[in-house]
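Reader: I would like a close look at one part of this model, the place where the two chains meet. Please take me through it in order, and then say what else in the structure deserves a note.

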Amino acid sequence: MRRYPRDFLPLKDLGFRILVALADGERYAWSLVQALDDSAGSARLLPGQLYRTLDRLLADGLIEERERPDDHQVPDGKRGAAPSRFFSLTPLGCDVARAETRRLEALVAKSRAGRLLRQRR
Amino acid sequence: MTRISVAMYRLLLLAFPPDFRRRHGAAMLAQFTAQQRGLRGRPVARIVHWLRAAIDAARHGLAERRDARHARARVEMNPRGGTSLHSIWQDIRFGVRLLRRQPGFTAVAVLTLALGIGAVTALASVVDSALLRPLPFPEPDRLVQLSFAYPGRNGEARTSETALTDLRFWQEHSRSFSSLAMYRGGGYLIVQSDPAQRIRSREVSEDYFRLVGATPVLGRDLQVTDTRDDAPAVAILGHGFWQRSFAGDARVIGTTLRLASGAVTIVGVAPSGFYPDVDLWRPVQVEAFGMVRGVGLRTIARLAPDVSIAEAQAELSGLVIPVDARLRDSYEKYRPLVTSLYDVTTANYRTNVALLAGAVGLIVLIACVNMAGLLLARGSGRRGELAVRAAIGAGRRRLVRQLLTESVVLSAAGGALGVGTAWLWLGGLVALMPMTVPSEAPVALNTTVLVASAVASVAIGLLFGTVPALTLSRSGMQDALARTGRRHGSALSTRGGQALIAAEVALAVVLVAGAGLMLRSLDKLMQVDLGFDPARVFVVDAVPVEPADNGRYYLALLERVRALPGVVDAGGINHIPLMGGRMGTSGRLDGGESTGVQVRTAMPGYFEAMDLRLIEGRLPGKTSEPEPWVILSETAARDLSPEGSAIGRSLEVMRAHYRVIGVVSGVRQAGPEQPLPPGLYLPFDADTADTMSIVFRTSRGAVVTTNEMRRLATGVGPPVLFEGVRSGNDLRTELLVTPRKRTGLLSLLGGLGLLLALVGLFGVTAFSVTRRTREIGIRMAFGARPEQVVRRIVLDSALPAALGIAAGLGLTLLLTRAIESYLFETTPTDPVTLAGVSVLLGVCCCLAAWVPGRRAARIDPSEALRVQ
């Protein structure tokens, strides 16, 4: 059964942010955590929430996962487990991320057009 | 610090479903570790992070589990699915619908099971009452009975009761018990109230109530001072007696009760439900013969904490109880014995319960085999349906589950009905039980019993549904859709069906043979010559309220009874025949060797009234004799003077001398199955007379009514307690009540087993006939005569039935040894009984197969061939 990007909208916040983070290219898990954690070192993003969301995105076919790619360079000086799982966007995931961006843009544009922000000024 | 927090986080990951953990567990742990490291040097932040991670794991883990569950349920909504509540509910509804569509089959199966499970329920109630909670006391397993073991004259092991001094000695010197007490059944007492009444009493020592955990609801408990011989007589009322005779009046404390032995002061009232058959509790006052063992005084004790029975036994064995020089020789070989009170109490029930359990077990087995047979027979008609379901995607597991659900629905319905009927019948069933269930633990349906029955129902459904379910589901999977239109051969022609019939018949043979043996034994018991004609001999029980009146009263009553029209002769005796009362002592003739004898006191006329045969000498005259006389029974004469006649010789018994004037035929004193005792009859002495029974014999057809006798007995003069008139037949019936009940119950179970087996055989045959309609039609179209068809069908069932009878006889020979001890002059292999049972079963089986066979023979061949 074919699924269309609009079937996934609206995305949950963390799901959307993951898709956005992966839009620039493949990432391994820890780098994804770092990209998502707004202020570095605060460890806001916790494993349970992250992996449950990743699991859902994988199951829905928005992202895919593979073992360590051949061309990947392990960053030096980093301690901890060598990254073994890499996540990337699927074409569907890419479409969904775009559709969600447009939806949010439209929402923001509508908000700007209204009296909400003007009133505050 | 990091290591501990990581280990704890690893544990928290268990909140996630295993599948999820396998996929992401390592990565999550890595992220957690990295984050913790990143916060090094900021302990507060680390703790906060740890707490947040813990909450995060718990929250998302549980959510993930819930999602996984929902996902599984969605998968199972489709008919191929595994096992969710919803689909089981679907199965149940489908099963119920199917069963409702075949009311005949359902009724037979449910009734069959109801009978089986009803029997189990009733039995479970009895077991629960007799074996599981016979002692309604706190911590009954800590209670023991103390007695003495000693070797009998022929070296056999015997036990003796305890003496008061034994109790006092142990109370002082033993460390194994937290308390010890003594009790003795006090027999009947006459309360000289108006009207006089007879009550049951029990004598107990001061600690008895405390030991068993009972406290008087009114007044005080007994004290050690109450047990002194010179202490004022006191008593505690039984709760029921207090309610009955004193209307529950609390002012009863301190009042007196007039007994024949004197007035006793009421000091307390026992709690409700505590030994309801005891009306009066009195302190044991036996100091006068405090050292004598074997006077009915039993000692019980509560083990001290952490002391085992073996330890208590070891301690008592090491204690030497000082004994008077007079008794030292007799008590030299007595060794104290500590036995669990539970074992003592249940010993009598165990064989009976085991016998019942065996019989009920067979019934249940027959019921189950029956159900399996019916399911299999019915299932052979459902192959088409099963094949269709298999073809549209139901897996074998799914089919088995459906079939099993149906059999469990059946057995659950049977169980519900069985428990319901057991509840209705329980009173009647208990009345049929061949034993007295302890009065302190009334038989009742309770949670234990209900749980046992529920478990039994479901287990039966699963156990005996499994084979048919597996067989049918396999054939269902194998049958191509194309083949479903064709009818298969009989369920009977398959080995499975025949084996079921054989098994059922074999089990029924065992039950019926057991019942048959019991019936034959009872018949022999009824035919025993009692030594007198029970139909014409009557016994009057009347007791003067004042014991001092006994002598004059009985003589006067005897004269009046003799004068009654229709009475041939009358006499009196202190121990009436069959009831087992006895006074054993030893006697010797002319200073010869002494032998054991049983002494009775007879009033003149007794021998004529009983119509005892005079073997030698003469009977005493009815007025007076010149010297004290004694009449010997045949057995006593043989024992006392084996060499020649005893007539005219002098008998010394109980330190007195009597002249032997006659020898009469024996009377069964303790019951028809007991040997004739060496009895002797001493003359009645009006001055020291004990309680007597007046015995009279009527001419044939004469009737003496109870009312007439009551008028006579109460009209003599002194106030008496009249208890009625019993015939010899009444006595025998009373005596044979237990064997009669046992036989009755086993016959009932045997009949039930036979009925169930026949229902099963009939059901399976009838089903196979329906299935074989087409085949029978073809046979008849080719010229088979109706009687040939009938013969064919009957033979189909008769062969396995014959095998079953043979197997059943073998099984009977093995199993009936269990009832050997209940059989009187009947061997467990009694050929007449076994042959009768075989013929009965054979005829019944042929009949059960003949009925459906005849129906088959009436089939119109052209109709039959059209049947699909």
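Author: What follows starts with the contact between the chains, then turns to the cavities and to some backbone details.

The model is predicted, and side-chain atom pairs count only at pLDDT 80 or more. The contact draws on 23 residues of chain B and 19 residues of chain A. The size of an interface is often given as the accessible area lost when the parts come together. For chain B and chain A that area is about 1,900 Å², with 53% of it on carbon and sulfur atoms.

Next come the polar links. The rule finds 13 residue pairs in polar contact across the interface of chain B and chain A, both residues being at pLDDT 80 or more. On the chain B side, helix H2 (18-38) and helix H3 (43-76) each supply at least two of the residues that touch chain A. H2(B) gives the most to that side, with 10 residues. Sorted by class, the residues of chain B that touch chain A are 10 nonpolar, 5 polar and 8 charged.

As for charge pairs, the rule finds 5 salt bridges across the interface of chain B and chain A. One pairing is B:Arg23 with A:Asp55, whose closest N and O atoms are 2.4 Å apart. Over all chains, the structure holds 31 salt bridges. Among them is the one between the side chains of B:Glu64 and A:Arg56, at 3.4 Å from N to O. This pair crosses between chains: B:Glu64 sits in helix H3 of chain B, and A:Arg56 sits in helix H3 (residues 47-60) of chain A.

Now the empty space. Rolling a probe the size of a water molecule over the atoms shows where empty space is left. A search of the whole structure gives 4 cavities of 30 Å³ or more. The largest cavity holds about 70 Å³ of space. Its lining includes B:Leu375, B:Arg378, B:Gly379 and B:Arg382. B:Leu403, B:Glu406 and B:Ser407 also line the largest cavity, as do B:Gly465, B:Pro468, B:Ala469 and B:Leu472. Three helices of chain B, namely helix H11 (341-379), helix H13 (396-432) and helix H14 (447-478), each supply at least two residues of this lining. H14(B) gives the most, with 4 residues. By class, the lining of the largest cavity has 5 nonpolar, 3 polar and 3 charged residues.

The backbone comes last. Most residues other than glycine have a negative phi, and most peptide bonds are trans. In chain A, the peptide bond from A:Leu9 to A:Pro10 is cis, with omega near -10 degrees. A:Pro10 lies in the segment before helix H1 (13-23) of chain A. In chain B, B:Asp611 is not a glycine, yet has a positive phi of about 60 degrees. B:Asp611 belongs to the loop between helix H17 (606-610) and strand S16 (614-617) of chain B. B:Glu825, also a residue other than glycine, has a positive phi near 50 degrees. The loop that holds B:Glu825 runs between helix H23 (786-815) and helix H24 (831-857) of chain B.

Technical notes: Residues numbered from 1 in each chain as written. Chains lettered and ligands numbered in written order. Heavy atoms only, no water. Contact = heavy atoms within 4.5 Å. Buried area = accessible area lost by both parts, 1.4 Å probe. Salt bridge = Lys/Arg side-chain N within 4 Å of Asp/Glu carboxyl O. Polar contact = N/O pair within 3.5 Å; in protein donor to acceptor, adjacent residues only side chain to side chain. Nonpolar A, V, L, I, M, F, W, Y, C, P; charged D, E, K, R; others polar. 1 Å grid on protein atoms, 1.4 Å probe; cavity = no way out; pocket = protein on both sides within 12 Å on 5 of 7 lines; lining within 4 Å. Points joined across faces, edges and corners; volume = space filled by probe spheres on them.
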